Amino acid sequence: MANQLPSPVSTSRPTVPADDSSRTFEMRFTSTPRGARLARRLAAHRLDTWGIPYGSGPHEEIVLVLGELTANAVRHGHVPGRDFHLLLHVCALTRTARIEVTDTRTERTPPDPAKLHAPGAEDTGGRGLLLVAGLATRWGWYLRSDGPGKTVWAECVCATPT
């Protein structure tokens, strides 16, 4: 079976395979540092209950990627009065965790994954997506089809949840 990779930039939402062993957590959070922290903590707890335990390599990688994406949504995608949306989907069939963070700011988009470059020594930011690119199997973004904004997504290989 050929694996069809979605374009890193598209206007449609990639489909996520669903089966009986798939797990999904999604929630809206305030677009604040507190909201990003809460999203990270709730997702970490959910992963643990799904059989990807605290302290394991896959758990730590998924939570770190999720933390970077939620922090970016707060820092670069913040629109006053608007929340960000987190979707965490773990699929035992494909042994992947997919993280999607959606904000409502359209004009500030991430770089193309192929054009990501390291910041200079004096730069105070720009390292988060390098971390995501290093830890995730693949990542990208697409514009929302149902409103303003974008979704930044990443997929990580993980242990099969119990």
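Start by selecting Glu155: with a relative accessible area of 12%, this residue counts as buried, because buried means under 20% relative accessible area, exposed over 50%, and partly exposed in between (1.4 Å probe, protein chains only). What you're looking at is a predicted model, where local features need pLDDT of at least 70 and side-chain atom pairs count only at pLDDT 80 or more, while totals for chains, interfaces and linings use all residues. Residues are numbered from 1 along each chain as its sequence is written, and side-chain values use heavy atoms, with hydrogens and water left out.

Which residue does Arg98 bridge to with closest N and O atoms 2.6 Å apart? That's Glu155, and the contact is a salt bridge, meaning a side-chain nitrogen of Lys or Arg within 4 Å of a carboxyl oxygen of Asp or Glu. Arg98 sits in strand β3 (residues 96-103) and Glu155 in strand β5 (residues 150-157), so this pair ties together parts that are 57 residues apart in sequence. If you colour by secondary structure, helices (H or I, at least four residues) and strands (E, at least two) are DSSP runs, numbered from the N terminus.

Buried or exposed? Arg98 counts as buried at 4% relative accessibility, and Glu100 is buried as well, at 3%.

Next stop: Lys150 and Asp103. Their side chains meet in a salt bridge, 2.8 Å from N to O. Lys150 belongs to strand β5 and Asp103 to strand β3, so the pair connects parts 47 residues apart in sequence. Lys150 is buried at 3% relative accessibility, and Asp103 is buried at 5%. How many salt bridges are there by this rule? The count comes to six.

Last, head for the surface and select Arg34, Arg37, Arg40 and Arg41, which gather in a patch of positive charge. Patches are made of residues with over 30% relative accessible area and no salt bridge, with like charges joined within 9 Å and nonpolar side chains (Val, Leu, Ile, Met, Phe, Trp, Tyr) within 5 Å. Zoom in on Arg34, which is found in helix α1 (residues 33-49) and counts as exposed at 63% relative accessibility.

Note on methods
Accessible areas come from the Shrake-Rupley method with a 1.4 Å probe; for residues, only the protein chains shown count as cover. Lys and Arg count as positive and Asp and Glu as negative; His and the chain ends are not counted. The place of a charge is taken as NZ of Lys, CZ of Arg, CG of Asp or CD of Glu.
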